[in-house]
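Look at the model below before reading on.

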Amino acid sequence: MSPYKPDINSFYTSQRAQTLLHSVDWDNVPRHVAIIMDGNGRWAKGRGKPRLFGHKAGAAMVREAIASAIELGIEYLTIYSFSTENWTRPEDEVKGIMSLFVEVLERELKSLQDKEVRVKVIGDMDALPKKTRDAFKNCISKTAHNKGLTLVVAVNYGARSDIVSAVQSIAREAVAGKIKAADITAHTIADHLSSAGIPDPDLVIRTSGEMRISNFLLFEIAYSELVVSEVLWPDFDRDEFLACILLYQQRARRFGGV
Ligand code: IPE
Ligand code: IPE
Ligand code: MG
């Protein structure tokens, strides 16, 4: 897939990973993994530090997740990095996260290019501070031609608001006579979501032990497998990622059939 050639035996060095690697079914690697990166605040709290300290450590772990996805041959990695509801957090935390996006995107651009990663965003970028929006736009346009992993960053993303936007634009097309109500299908809706063109996730991982979806990809995850890891996001290393892939491979996906 990617011209970037990883070397799996030097990537996985721990005893745990070596053991897990033996069980990987290379013909059943999920094509699209979506991650709800949760637990940064608790991770920081456990160290007596402010929440932003956890977000910085969490941002560093994204690099590790990208590397894992490439090693494993995953084609799409979606990361839930800021929700439409996260604006309700204290102002200094929100500002800190918005600046962190700029810092990380600028710092990581070269590494993303080297790894042939193509960056996309789902969510409403218009409501982001200008510097943050510009940093995302720059990263999207500079990596648009890359042929490796597609990294989908969910930022100012909420599935309900994404569905509302899709319905509004379909309604406008109907009023303009471009589409008939009877012709609207699940595909029509999918094509109007911000994830249009991206295959549905095969696997959704949520870290920090929380068993909920928190307004993430509601339409797209109809038949995704769900894996909840107890590990807090800043501790979610390559070994834990690999363990989640193995849990996925133990599932029998039936899509409503037998
Ligand atoms: C996830 O970690 C990061 C964002 C939602 C931005 P949290 O900040 O939600 O961490 P906890 O859940 O409070 O531990
Ligand atoms: C989900 O985590 C959003 C992101 C990971 C960006 P939250 O921490 O915001 O979700 P809740 O509040 O626990 O449901
Ligand atoms: Mg949380």
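The questions below concern a predicted model, with a ligand site as the topic, followed by one residue.

Q: Which pocket does the space taken by ligand 2 form?
A: The pockets are found on the protein atoms alone. Among them, the space taken by ligand 2 is the largest pocket.

Q: Which strand gives the largest share of the shell around ligand 2?
A: The residues around ligand 2 include Tyr80, Ser81, Phe82 and Ser83. The largest share of the shell is four residues, and these come from strand β2 (residues 76–83).

Q: How many nonpolar, polar and charged residues does the shell around ligand 2 have?
A: Among the residues around ligand 2 are Ile36, Asp38 and Ser214. Sorted by class, the shell has four nonpolar, four polar and four charged residues.

Q: What percentage of the area that ligand 2 exposes when taken alone does the protein buries-value give?
A: The side chain of Asn86 has an N or O atom 3.0 Å from an oxygen atom of ligand 2. For Arg89, an N or O atom of the side chain is 3.3 Å from an oxygen atom of the ligand, and for Arg212 a polar side-chain atom lies 2.7 Å from one. Ligand 2 taken alone exposes 390 Å², and the share of this that the protein buries is 78%.

Q: Does Glu240 count as buried or exposed?
A: Glu240 is found in helix α9 (residues 238–249), and its side chain is joined to that of Ser229 by a polar contact of 2.9 Å. Buried means under 20% relative accessible area. Glu240 has 13% relative accessibility, so this residue counts as buried.

Note on methods
Residues numbered from 1 in each chain as written. Chains lettered and ligands numbered in written order. Predicted model: local features only at pLDDT ≥ 70, side-chain atom pairs only at ≥ 80, totals over all residues. Heavy atoms only, no water. Near = heavy atom within 4 Å. Polar contact = N/O pair within 3.5 Å; in protein donor to acceptor, adjacent residues only side chain to side chain. Areas by Shrake-Rupley, 256 points an atom, 1.4 Å probe, with all protein chains shown as cover. 1 Å grid on protein atoms, 1.4 Å probe; cavity = no way out; pocket = protein on both sides within 12 Å on 5 of 7 lines; lining within 4 Å. Sits in = over half its atoms within 2 Å of the grid points. Helix = DSSP H or I, 4+ residues; strand = E, 2+ residues; numbered from the N terminus. Nonpolar A, V, L, I, M, F, W, Y, C, P; charged D, E, K, R; others polar. Buried < 20%, exposed > 50% of the residue type's maximum accessible area, 1.4 Å probe, protein only.
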